[in-house]
Amino acid sequence: MQTIPRAPLLLGLAGLLPFLWGAVTVVLPDLGLWTAQTIGPRFAGPYVMLFYGAVILSFMSGVLWGFAAQLSGARATSGYVLSVLPALWAFFMTGGGPTSAGISLITGFVGLLGLDWLFWHHGATPPWWMRLRLLLTTVVVTCLAIGVFA
């Protein structure tokens, strides 16, 4: 794995902010209350992480679709099929309340990491891809776990 280029690294880290904010507002309930009263309840606690997590899983389906386009033949076909799984997972698995939705998102992000590895293994991603995805997934799963289990 190579060094992550600056732009994807900074954008990836910026994409963690809603997860980090959600986790902080769970750990600091007064901040969560202030956020809910000032900005709205959707932007505090587990709710910001759940909503944003579903959006990001859907976004990642598009990224994986682009990787599938780098493949050919049966690998491309299976890549296209696999690429839609994160979006479908987010759509079908996040509606049962904050605890089950959080657990489903944790499962979805861990599964996404497996798909990332598969596309990386087949040479459809940049060489640095797994280094970035491991970093981002670790933070996302940790934040979601705070939302679910704290």
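**Close-up views of a predicted model**

**View 1. F67, F119, W128 and W129 form one aromatic cluster.** This is a predicted model, in which local features need pLDDT of at least 70, side-chain atom pairs count only at pLDDT 80 or more, and totals for chains, interfaces and linings use all residues. Residues are numbered from 1 along each chain as its sequence is written, and side-chain values use heavy atoms, with hydrogens and water left out. Rings of Phe, Tyr and Trp (its six-membered ring) pair if their centres lie within 6.5 Å; planes under 30 degrees apart are stacked, over 60 edge-to-face, and the rest tilted.

View 2. The structure holds 7 aromatic pairs. One of them joins F19 and F109, edge-to-face, with 6.0 Å from centre to centre and 90° between the planes. F19 lies in helix α2 (residues 17-27) and F109 in helix α7, so this pair ties together parts 90 residues apart in sequence. Helices here are DSSP runs (H or I, at least four residues), numbered from the N terminus. F19 is buried at 1% relative accessibility. F109 is buried too, with a relative accessible area of 1%. Buried means under 20% relative accessible area (1.4 Å probe, protein chains only), exposed over 50%, and partly exposed in between. The rings of F67 and W129 have centres 5.0 Å apart and planes at 85°, so they pair edge-to-face. F67 belongs to helix α4 and W129 to helix α8, so the pair ties together parts 62 residues apart in sequence. F67 counts as buried at 11%, and W129 is buried at 9%.

**View 3. D116 and R133 meet in a salt bridge.** The N to O distance is 2.7 Å. A salt bridge needs a side-chain nitrogen of Lys or Arg within 4 Å of a carboxyl oxygen of Asp or Glu. A search of the whole structure finds 1 such bridge. D116 sits in helix α7 and R133 in helix α8, so the pair ties together parts 17 residues apart in sequence. Both residues, D116 and R133, are buried.

**View 4. The charged end of R42 sits over the ring of F51.** The distance to the ring centre is 4.6 Å. A charge counts as over a ring if NZ of Lys or CZ of Arg is within 6 Å of the ring centre and within 35 degrees of the ring normal.

How values were computed:
Helices (H or I, at least four residues) and strands (E, at least two) are DSSP runs, numbered from the N terminus.
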